Amino acid sequence: MSRAEAPALRTGRRPQTAAGFLALFRNELHLTFRRLRTKVLLGILAVLPVLIGVIVKLNTDGPHDGGGGPSFIAQTTQNGLFLVFTALAVALPVFLPMTVGVVAGDSVAGEAATGTLRYLLVAPAGRTRLLAAKFTAGLVFCLAATAAVAAAALATGAALFPLGEVTLISGDTIGFADALLRAVLVAGVVAASLAGLVAIGLFVSTLTGSGIAAMAATVGLVITVQILDAFPQLDAIRPFLFTHYWLSFADLLREPMYWDGVLKDLGLQAAYVAVFGTAAWSRFASRDISA
Amino acid sequence: MTGTPVTGDVTESAGGPGAESRPAPVPVPPSSAAATPSAPASLPGSGSDDVISTRGLTKRFRGGQLAVDGLDLAVPRGSVFGFLGPNGSGKTTTIRMLMGLIAPTSGVAAVLGEPMPQSVATVLPRVGALIEGPALYGFLSGRDNLVRFDAADPTADPRTRSQRVDAALERVGLAAAAGKKARAYSLGMKQRLGLASALLQPRELLVLDEPTNGLDPQGMREIRALVREVAAEGTTVFLSSHLLDEIEQVCTHAAVMSRGRLVVQGTVAELAARAQGRLVVRTPDVAQAAEVLAAHQVAALVPGEGRVDGELGDRGDEALPKLCAALVEAGVRVQGFGLERGTLEDAFVALTGEGFDVAG
């Protein structure tokens, strides 16, 4: 542009535009996925299904020892598409929440630690808007992480095992295209069942000025909750633990699909988002930013 | 301590640190402020043209530490306002309260006429700030850092973003290094990038907290030139520093903080004038000269090596020839005789009774 700079200051109030409001959300996504750390985490998640696929392949090529592994793994040898479900079932309890804990836990605390938080706030990003942008980026990361696992599993499964009609847990058989749709649906449910953890991570992140501490606390919490979920003595509280219904996605591999557990899971996640989202907001909106 | 600083006049908290050990200050004649626009003679908060005004602004941190204590600050529009004080005197805490980052324990603050921190969304888009040094995303380029801070402002137009970012980079002399990762920047470059983010939009107020910290003398000169340039465009500049000569070089107004309290505020000329000129007599007959000067009511005599100096008090320049004649009459071999003008540093020491770089 060759327009000469206006000599007088064009100060005064500028209107807030929708595009301007959304710019931070876009930029937050950009920031999250530009980080080397995010790329490494997604890379690790993508390697996991390859590893599982290779191990299953090597085991079935050798003499069959008849050991009773998870039903998904046995099915994988007949149909590569089942590697998607196997990989998600393996990644969901540990690897997926770990990566999500890192990203969500660091989201606010990391910015506080480097001091960039104060510059975002005087820009002014708006505390609620910034938190919303962080939460959105966390959800998108959940999707990306789940997609990384699912896509790598599908590619590995297709390379190592036959594809074709899929025999469901209920014994029915559906076509490959139909089964692929179910895989997408399952991946979506898995991503959504991490939403509660994003909110928890965000809340923890507003409590401390250290990104590492927030990440460790969030990941530690995931592990603790899953240990608690393993105690039958805690039956009274187990249905309220955010990890309790995580593996209910397997019910979508029945004919007809059995939605009970999945809906309970999604409802529980929504409750966690509401509770910890509000906690994060009330903490962050009133906090003194002295870092 | 009950003294309340009042804008327009140089005032001081009664019983401020060091006040007991120093002679009472002489009222400053208004003519001494001729070089700079006079501050509005109103109480803080009531002046409609104050860009920043606070009343009784206080911050007590958890743990009981009183960081800022009853601050009444008034920064007139169009001024280059120096916010002066040793490290730890409460400057940065004050700036954080003005920028809505921390909530005051008591008292009120208004920026651009609107209460803070309630009005951050409408006020801060018109304010550029550099607070406690630059903070950047090391894994992003300098340019992308600015893009991010600009995207954080919901009133910033995304269509003009890249233009404005380029202009800001150009302005601080970083255009050539814009594509480099910020972690590879030197401290001086980081400081400039921080300044660039404060200049992404035309601003009504620029708040710069120790902007020359960590810079080499050349970098300091450049930043000061930039501050003057921005001020010449009509932007009010609020500049905190612990460097007296910095304030003296670029500021029209100044306030001095000490241990969380405002010691004084006014125009720089008024403040410097308050460090009274001292009468200096150069002579080998030190003792004899001191005797004669004492007999003529020259106070606070300090005999030195080949010189005596003292305070003239409120007597005007017409007293000087008589004094000189008296010295010569008494047989003192006068080799030099005259007034030495005070500096802001003298004023500061007179006001706070402490040196600089002392944590308060």
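**Figure 1. Helices H9 and H10 of chain A pack against each other in this predicted model.** Helix H9 (residues 195-207) and helix H10 (residues 211-228) of chain A meet at an angle of about 140°, and their axes lie 9 Å apart. Because of that angle, H9(A) counts as oblique to H10(A). On the H9(A) side, the contact is made by A:Leu197, A:Ile200, A:Gly201, A:Val204 and A:Ser205. H10(A) answers with A:Ala214, A:Ala217, A:Thr218, A:Leu221 and A:Val222. If you are checking handedness, the crossing of H9(A) and H10(A) is right-handed.

**Figure 2. Helix H1 of chain A, with its buried residues picked out.** This helix covers residues 18-34, which is 17 residues in total. From the first C-alpha to the last, H1(A) reaches 24 Å, close to the 24 Å expected at 1.5 Å a residue. Which residues of H1(A) are buried? They are A:Gly20, A:Ala23, A:Leu24, A:Asn27, A:Glu28, A:Leu31 and A:Thr32.

**Figure 3. Chain A as a whole, for orientation.** Chain A holds 11 helices and two strands. Read from the N terminus, its elements run α-α-α-α-α-α-α-β-β-α-α-α-α. The C-alpha trace spans about 80 × 55 × 35 Å along its principal axes. Of the 291 residues of chain A, 44% count as buried. Among contacts in chain A between residues at least 6 apart in sequence, 80% join residues at least 24 apart.

**Figure 4. The six-stranded open sheet of chain B.** For context, chain B has 11 helices and 15 strands, and buried residues make up 48% of its 360 residues. The strands of this sheet follow the order S7-S8-S9-S4-S10-S11, and their pairing is mixed. At the edges are strand S7 (127-130) and strand S11 (261-267) of chain B, each pairing on one side only. From one strand to the next, the twist averages 15°. Helix H1 (residues 91-98) of chain B packs on the sheet, where this helix touches S4, S8, S9 and S10 of chain B. The direction of H1(B) makes about 150° with that of S8(B). Helix H5 (residues 187-198) of chain B lies across S7 and S8 of chain B and runs at about 165° to S7(B).

Figure 5. Is S4(B), residues 80-84, mostly covered or mostly open? Mostly covered: five of its five residues are buried. S4(B) pairs in the parallel sense with strand S9 (residues 236-241) of chain B over five bridges, and B:Gly82 stands opposite B:Leu239 in S9(B). Strand S10 (residues 253-258) of chain B also runs parallel to S4(B), joined by four bridges; here B:Phe83 stands opposite B:Ala255. Further along the sheet, strand S8 (residues 205-209) of chain B pairs with S9(B) in the parallel sense over five bridges, with B:Leu206 facing its bridge partner B:Val237.

**Figure 6. Strand S1 of chain B and its antiparallel partners.** S1(B) covers residues 50-60 and is joined by three bridges to strand S3 (residues 74-76) of chain B; B:Asp50 has B:Pro76 as its bridge partner there. Five bridges link S1(B) to strand S5 (residues 106-111) of chain B, where B:Arg55 stands opposite B:Val108. With strand S2 (residues 66-71) of chain B, S1(B) pairs over three bridges, and B:Leu57 stands opposite B:Leu71. S1(B) and S2(B) form a hairpin with five residues between them. Take a look at B:Gly63 in the turn, which has a positive phi of about 105°.

**Figure 7. Where chain B meets chain A.** The contact takes 35 residues from chain B and 34 residues from chain A. On the chain B side, helix H2 (120-123) and helix H3 (142-152) are the elements that give two or more residues. H3(B) supplies the largest share of that side, four residues.

Conventions:
Residues are numbered from 1 along each chain as its sequence is written. Chains are lettered from A and ligands numbered from 1 in the order in which they are written. This is a predicted model: local features need pLDDT of at least 70, side-chain atom pairs count only at pLDDT 80 or more; totals for chains, interfaces and linings use all residues. The expected span of a helix is 1.5 Å times one less than its number of residues. A residue is buried if 20 or more other C-beta atoms lie within 10 Å of its own, exposed if 12 or fewer, and partly exposed in between; C-beta atoms are placed from the backbone. Two strands pair if DSSP finds at least two bridges between them. Axes are lines fitted to C-alpha atoms, for helices over the stretch in contact, and angles run from 0 to 180 degrees between N-to-C directions. Angles under 35 degrees count as roughly parallel, over 145 as roughly antiparallel, 65 to 115 as roughly perpendicular and the rest as oblique. A crossing is left-handed if the near helix is turned anticlockwise from the far one by less than a right angle, and right-handed if clockwise. Two residues are in contact if their C-beta atoms, placed from the backbone, lie within 7 Å.
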